[in-house]
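Hello,

Here is the structure I promised to pass on. Please open it and keep it beside you while you read my notes below.

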Amino acid sequence: MKHILLLLSVLFALPVFSQKMKTVEGEYTYHAPENVTLEEAKRIALDRAKIQALADVFGTIVSQTNATHVQNRNGSSDIDFLSIGGSEVKGEWIETVGEPQYDISYEQGMLVVKVSVKGKAREIVSAQIDIKAKVLRNGTEDKFESDGFRDGDDLYLSFVSPVSGYLAVYLVDAEQKAYCLLPYRSQTDGIYKVEANRRYVFFNIKEAPPQERQYVDEYVMTCSRSSEYNQIYVIFSPQPFAKAVDSSSSETLPRELGLEDFQKWLVNIRRKDYRTILINKQIIINMK
């Protein structure tokens, strides 16, 4: 009976430590420079609207060594978005509710993008694990980090974590398809474990451990338009999790699923495990 009572007390205590989701809303108007495309301007405006929403609800971390986070203008404090990074806002975006609303206009020949967005978020109450993920172009050393590719370039990813854990990597293309880059397509357990303090280079057979080389997929970036934007999602947790349910449509492409199904899977993973870390990197592929 003592064991049963102890178990019940633990179960009832769990919700006390869980992080509550909050509904947040943000709005931002972005005046785009001439060299920024409409697609890129919409992405920047949306990112900053999310930061505004998180900052309004959870606040920001302001230190004496970096006082540019808050500016005082005519007696009121304004947030300087150019100096706020994701780690400096005391909240994280979990899920977008509905579709962001855009208002596109031009002022004196300058593109102006106004966006409003609503979503679910939670407060960051502890320091996140300091993982490092770098998208590499045509080389396996970190000096080859790049967000700009050309048709035919090789894609690699370097990764380091201070703790052991589990990793998944996805690429979302311009056609709104999510491709599972890691675990590799021939790995059937749906999970990829990484060791602490070890530098990994993925998508390169020579850099892979000998026992894994039979599984490694190598990727070449392709582009069917003048330019394409892709999103790379790096998902890490010290707790085990499995990749999303996907399917194979081609022998030359990674396994895939629709963007909506991918987003539902990602939201579910992050809701269940607050230690899940998401790194989102945007890359552009241009025709030669």
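The side chain of E228 makes a polar contact with the side chain of S224, at 3.1 Å. A polar contact is a pair of N or O atoms within 3.5 Å; within protein, one must be able to donate a hydrogen and the other to accept it, and residues adjacent in sequence count only if both atoms are side-chain atoms. This is a predicted model: local features need pLDDT of at least 70, side-chain atom pairs count only at pLDDT 80 or more, and totals for chains, interfaces and linings use all residues. Residues are numbered from 1 along each chain as its sequence is written, and side-chain values use heavy atoms, with hydrogens and water left out.

Back to E228. You will find E228 in strand β15. Strands (E, at least two residues) are DSSP runs, numbered from the N terminus. Does E228 count as buried or exposed, and what is its nearest side chain of opposite charge? E228 is buried, and that nearest side chain is R225, 4.1 Å away. Buried means under 20% relative accessible area, exposed over 50%, and partly exposed in between (1.4 Å probe, protein chains only). For charge, Lys and Arg count as positive and Asp and Glu as negative; His and the chain ends are not counted. E228 has no salt bridge, because a salt bridge needs a side-chain nitrogen of Lys or Arg within 4 Å of a carboxyl oxygen of Asp or Glu.

Now the salt bridges. Side chains of opposite charge can pair when their charged atoms come close. How many salt bridges are there by this rule? The count comes to 18.

Take E145 and K134. Their closest N and O atoms are 3.5 Å apart. The pair links distant parts of the chain, eleven residues apart: E145 sits in the loop between β7 (132-137) and β8 (148-150), and K134 in strand β7. E145 is partly exposed at 39%. K134 is partly exposed too, at 25%.

K143 and E141 form another salt bridge, with their closest N and O atoms 3.9 Å apart. K143 is exposed, at 64%. E141 is partly exposed, at 45%.

R198 and E195 also meet in a salt bridge (3.9 Å, N to O). R198 is partly exposed at 26%, and E195 is partly exposed at 46%. Elsewhere, salt bridges that share partners join E40, R43 and D47 into one network.

Look next at Q282, in strand β17 (residues 277-286). Q282 is buried, at 18%. Its side chain makes a polar contact with the side chain of E40 (2.5 Å). The side chain of Q282 also makes one with the side chain of R43 (3.2 Å).

Last, the second largest pocket. A pocket is found on a 1 Å grid over the protein atoms alone: an open set of points where a 1.4 Å probe fits, with protein on both sides within 12 Å along at least five of seven lines. Its lining residues have an atom within 4 Å of a point. Which residues lie nearest the centre of the second largest pocket? They are Y179, V220, T222, L253 and P254, out of 23 lining residues. β11 (177-182), β14 (219-220) and β15 (227-237) each supply at least two residues of this lining.

One more pair involves V220. R137 and V220 are 83 residues apart in sequence and 9.8 Å apart in space, C-alpha to C-alpha. R137 lies in strand β7.

Best wishes

Terms used. Helix = DSSP H or I, 4+ residues; strand = E, 2+ residues; numbered from the N terminus.
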